[in-house]
Amino acid sequence: MQLNFTPAGTTAFADLTGRIAVLDSPANQLAVVLDGAVLSHPAVQQAITGGGAVITGSFDADEAKRLAAQLATPALPADLHPVTPSP
């Protein structure tokens, strides 16, 4: 699943992913939330600075198709909200 960001989104996403990439799991996970439901929560291994991101993982074909369908909409207005997990 390929995600593309505006210039402002690129800067914010690079900052966020850079800060969480150095954290231990599960604090290095980035939740993808749509309509209040967590669709995916991939771990971030390094700052993502190129203006786009790819979600990868051990999805089976049905899971990958479902996630792609859930995210396959025109450009979504999105906010980044860093959340510190409870201990």
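Visitor: Where is aspartate 35 in this thing?
Guide: Aspartate 35 sits in the loop between S2 and strand S3 (37-40); helices (H or I, at least four residues) and strands (E, at least two) are DSSP runs, numbered from the N terminus. By the way, this is a predicted model, where local features need pLDDT of at least 70, side-chain atom pairs count only at pLDDT 80 or more, and totals for chains, interfaces and linings use all residues. Residues are numbered from 1 along each chain as its sequence is written, and side-chain values use heavy atoms, with hydrogens and water left out.

Visitor: Is aspartate 35 buried or exposed?
Guide: Aspartate 35 is exposed, at 78% relative accessibility (buried means under 20% relative accessible area, exposed over 50%, partly exposed in between, with a 1.4 Å probe and protein chains only). Aspartate 35 also has a positive phi of about 55 degrees, although it is not a glycine.

Visitor: New topic: how many salt bridges does the structure hold?
Guide: The structure holds 1. A salt bridge is a side-chain nitrogen of Lys or Arg within 4 Å of a carboxyl oxygen of Asp or Glu.

Visitor: Which side chains meet in the salt bridge?
Guide: Those of arginine 19 and aspartate 15, at 3.3 Å, N to O. Both lie in helix H1 (residues 7-21), 4 residues apart, about one turn of the helix.

Visitor: What's the relative accessible area of arginine 19?
Guide: Arginine 19 has 43%, so it counts as partly exposed. Aspartate 15 is partly exposed too, at 44%.

Visitor: And which residues does a cis peptide bond join?
Guide: Serine 25 and proline 26, with omega about 10 degrees. Proline 26 is in the loop between H1 and strand S2 (32-34).
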